[in-house]
Amino acid sequence: MHPNPDWPLYEIFVRARGGLDHKHVGSVHAADAAMALEHARDVYTRRLEGVSVWVVRSTDILASDPAEADALFEPARDKVYRHPTFYDIPKEVETL
Amino acid sequence: MYTQGLNELAARPLAAMQEDPALLRRFEARIDAEEKIEPKDWMPDAYRQTLIRQISQHAHSEIVGMLPEGNWITRAPSLLRKSILIAKVQDEGGHGAYLYSATETLGISRAELIEQLLSGAAKYSSIFNYPTLTWADVGAIGWLVDGAAIMNQIPLCRCSYGPYSRAMIRICKEESFHQRQGYDLMLKLARGSAAQRAIAQDALNRWWWPSLMMFGPPDTASPHTALSVRWKIKRFTNDELRQKFVDFTVPQARFLGLEIPDPALRWDAERGQHVVGEIDWSEFQDVVRGNGPCNRDRLQARRDAHESGRWVREAALAHAAKHARAAAA
């Protein structure tokens, strides 16, 4: 291990305004989650960019593997019938 | 630019030829299609190493760049100017933080990056090795140094590496305030007393040439630019960006009633561009090699800050560990 280990890494999610999703904005190092929240506030919301912040230990996130992206997402490609535009409805039929 | 040290480091395009040809082809096809490369995607080692160097140099420049202006926080002439300057220096710290995070996505730790800076192994922009002698220097830095930085950073928002591109978008949004507060400060001095005009002119005299050098060596002496452009890490060459900066800045100086310290400066009507006199590249090389007016001071200040903060970092970790144990019990 490095003689001066880094503080753990936290991923930062910010809600820009009420009604919007929290969105990933970056990461900070912090000794614990409470400090990560304070750092996130200083680093990512200096100009009113947020009304709410989530912090998550980076090591707690399981991400999909880009090499497997085809296998994971490809099956959705040929299922056009999942979209409403797949269906031809006679224009006499209203409100559908 | 903030990453000008790259010009002497990354001249090894042949490494790209040793990669798996099929993977390399696929990677370059994605670059050509303007797709972004993300941290877990396959990338050539030369791309990864070039980015680590470039983004970390950029991060180091932001952090060291806090020092010349920080020098004036306690002596700002009014509470408003002091608040503005604190906000600006805090932004530089924030920019350093975004950029270190982006670098870490390439598989290097923050501790290693800091160590490279403190040991002198890593470079940062030559511009921060010049002293801030008067209050007007704070204005000249915002106007010229941040102005030059913006010139370089706007195209970096479209860099092919996703985390760098996103960090640059965030930085560019904040950088415009830096340049405008600097110009505003210069304007107040330029319209002030004779003594105020004199320090404004003196600051321009001292910061003009180093600002032009920020863009790095001329294209003829910048061999790796081709690969960086092909992989869309870089979109314009050093000389292209420098020219753009000159063309933007000369009229701004004229508006201030200040004189650019270059007797050879002229307008070339045919090219529609300003032509500057000879840049003294030996001065640039000297500063990059560590012999600028403040190189030693800057590194020492960073080392001192790192050492005096050590107990705080350790205490915070001990505190977190104690509370984690208490919560588990």
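The expected span of a helix is 1.5 Å times one less than its number of residues. Keep that rule in mind as we walk through this predicted model, starting with helix H1 of chain A, residues 33-44.

The buried residues of H1(A) are A:Met35, A:Ala36, A:Ala40, A:Val43 and A:Tyr44. These residues cover an arc of only 140° around the axis, and therefore they sit on the same side of H1(A). Turn to the other side of the helix and you will find A:Ala34, A:Glu38 and A:Arg41, which are exposed. What do the buried residues of H1(A) pack against? Within chain A, their partners are E1, E2 and E3; from chain B come helix H5 (79-104), helix H8 (162-190) and helix H14 (310-328). While you are here, have a look at the start of H1(A), where a side-chain oxygen of A:Asp32 comes to within 3.3 Å of the backbone nitrogen of A:Ala34.

Next, follow the strands of chain A. Strand E1 spans residues 9-15 and is mostly covered, with five of its seven residues buried. One of its partners is strand E2 (residues 22-29), which runs antiparallel to E1(A) and is joined to it by seven bridges. To find your place in this pairing, look for A:Val14, which stands opposite A:Lys23 in E2(A). The two strands form a hairpin with six residues between them, and in the turn A:Gly19 has a positive phi of about 100°. E1(A) also pairs with strand E3 (residues 52-57) of chain A, again in the antiparallel sense, over six bridges. Here a handy landmark is A:Glu11, whose bridge partner in E3(A) is A:Val56.

Finally, let us move to chain B and its cysteines. How many disulfides does the structure hold over all chains? The count is zero. B:Cys157 is in no disulfide, and the nearest cysteine sulfur, that of B:Cys172, is 3.5 Å away. A disulfide is a pair of cysteine sulfur atoms within 2.5 Å, so the 3.5 Å between the sulfur of B:Cys172 and that of B:Cys157 is too far for a bond.

Methods. Residues are numbered from 1 along each chain as its sequence is written. Chains are lettered from A and ligands numbered from 1 in the order in which they are written. This is a predicted model: local features need pLDDT of at least 70, side-chain atom pairs count only at pLDDT 80 or more; totals for chains, interfaces and linings use all residues. Side-chain values use heavy atoms; hydrogens and water are left out. Buried means under 20% relative accessible area, exposed over 50%, partly exposed in between (1.4 Å probe, protein chains only). Helices (H or I, at least four residues) and strands (E, at least two) are DSSP runs, numbered from the N terminus. Two strands pair if DSSP finds at least two bridges between them. The arc is that of the directions from the helix axis to the C-beta atoms. Contact means heavy atoms within 4.5 Å. A polar contact is a pair of N or O atoms within 3.5 Å; within protein, one must be able to donate a hydrogen and the other to accept it, and residues adjacent in sequence count only if both atoms are side-chain atoms.
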